[in-house]
Amino acid sequence: MESHTCYFLVDSDVLPDIFKKVVQAKKLLAQGKVKNLSEAARVMGISRSAYYKYKDKVYEYDRGVAGKMVTLSVTLGDEPGRLSELLNNLSGAGLNILTINQNIPVDGVAPVAISARTDELQMDISQLISLIRGMPGVVEARVLSGQ
C-alpha cells in the first residue's frame, strides 16, 4: 500500500507545548544562541529524545512569507562590483534578500536570480524594476514570480 504525507495547519494554541518547545529549540540552535542540542533541550525544558522525535516533523508557519516574496531575473554586464552594487540597491530599497544565484558570465554578461522578501519594500515592484534597469551595467531585469 502506498503511503503519502498529509500536512495540517493548526493554531499553536491547541498544540501540546512540546511542539512549540521543539520549534524554539531548533531556532536556538540555528541562531547559534546555544552550543549544541543538549543545551537547547535543557534550555527549553525538553528531553533530547523528544527533540529528535519531532525535529523533522514540526515547523513554524510564517503566514507573511507566502504572499510577500519576489524572484527577480537580472542580467548584469561582466564587470567587477556590479552584483555588489545591485545587492546594495535592493537592500536599500527594503528588500530582504534570501537567495542569490549568479551563473558564470558568457558573452560578457552574467545572469542572476534573486529571491527576496518584500514586506519592507519602499516602492512597488514596477518601480523597483525601473530602478534596477536604470543601474549601470544592468542589461535586463524582470520579475520571475511574486508580487
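Does M44 count as buried or exposed? At 18% relative accessibility, M44 counts as buried, where buried means under 20% relative accessible area, exposed means over 50%, and partly exposed lies in between (1.4 Å probe, protein chains only). The model is predicted, so local features need pLDDT of at least 70 and side-chain atom pairs count only at pLDDT 80 or more, while totals for chains, interfaces and linings use all residues. Residues are numbered from 1 along each chain as its sequence is written, and side-chain values use heavy atoms, with hydrogens and water left out.

The protein chain holds six helices and four strands; these are DSSP runs numbered from the N terminus, with helices (H or I) of at least four residues and strands (E) of at least two. Along the sequence they follow the pattern α-α-α-α-β-α-β-β-α-β. The radius of gyration of the protein chain is 21 Å, whereas a compact globule of 147 residues would have a value near 15 Å. That radius is taken over C-alpha atoms, and the globule rule is 2.2 Å times the number of residues to the power 0.38. Along the principal axes, the C-alpha atoms fill a box of roughly 55 × 40 × 35 Å.

Buried residues make up 31% of the 147 residues in the protein chain. Among contacts with a separation of 6 or more, 62% are between residues 24 or more positions apart, contact meaning heavy atoms within 4.5 Å.

M44 belongs to helix 2 (residues 37-44). Apart from neighbours within four places in sequence, M44 is in contact with K21, Q24, A25 and L28. Helix 1 spans residues 17-30 and gives the largest share of the lining of the largest pocket, five residues.

That pocket has a volume of about 920 Å³. On a 1 Å grid over the protein atoms alone, a pocket is an open set of points where a 1.4 Å probe fits, with protein on both sides within 12 Å along at least five of seven lines, and lining residues have an atom within 4 Å of a point. Grid points are joined across faces, edges and corners, and the volume is the space filled by probe spheres set on the points. Of the 22 lining residues, F8, V10, L15, V58 and Y59 are the closest to the pocket centre. The lining divides into 11 nonpolar, three polar and eight charged residues. Here Ala, Val, Leu, Ile, Met, Phe, Trp, Tyr, Cys and Pro count as nonpolar, Asp, Glu, Lys and Arg as charged, and the others, Gly among them, as polar.

L15 sits in the segment before helix 1 and is partly exposed at 27% relative accessibility. Not counting residues up to four places away in sequence, L15 touches V10 and K20.

Two loop positions remain. P80 lies between strand 1 (69-77) and helix 5 (82-92) and is exposed, with a relative accessible area of 83%. D107 is in the loop between strand 2 (96-102) and strand 3 (109-117). D107 is not a glycine, yet has a positive phi of about 55 degrees, and is exposed at 78% relative accessible area.
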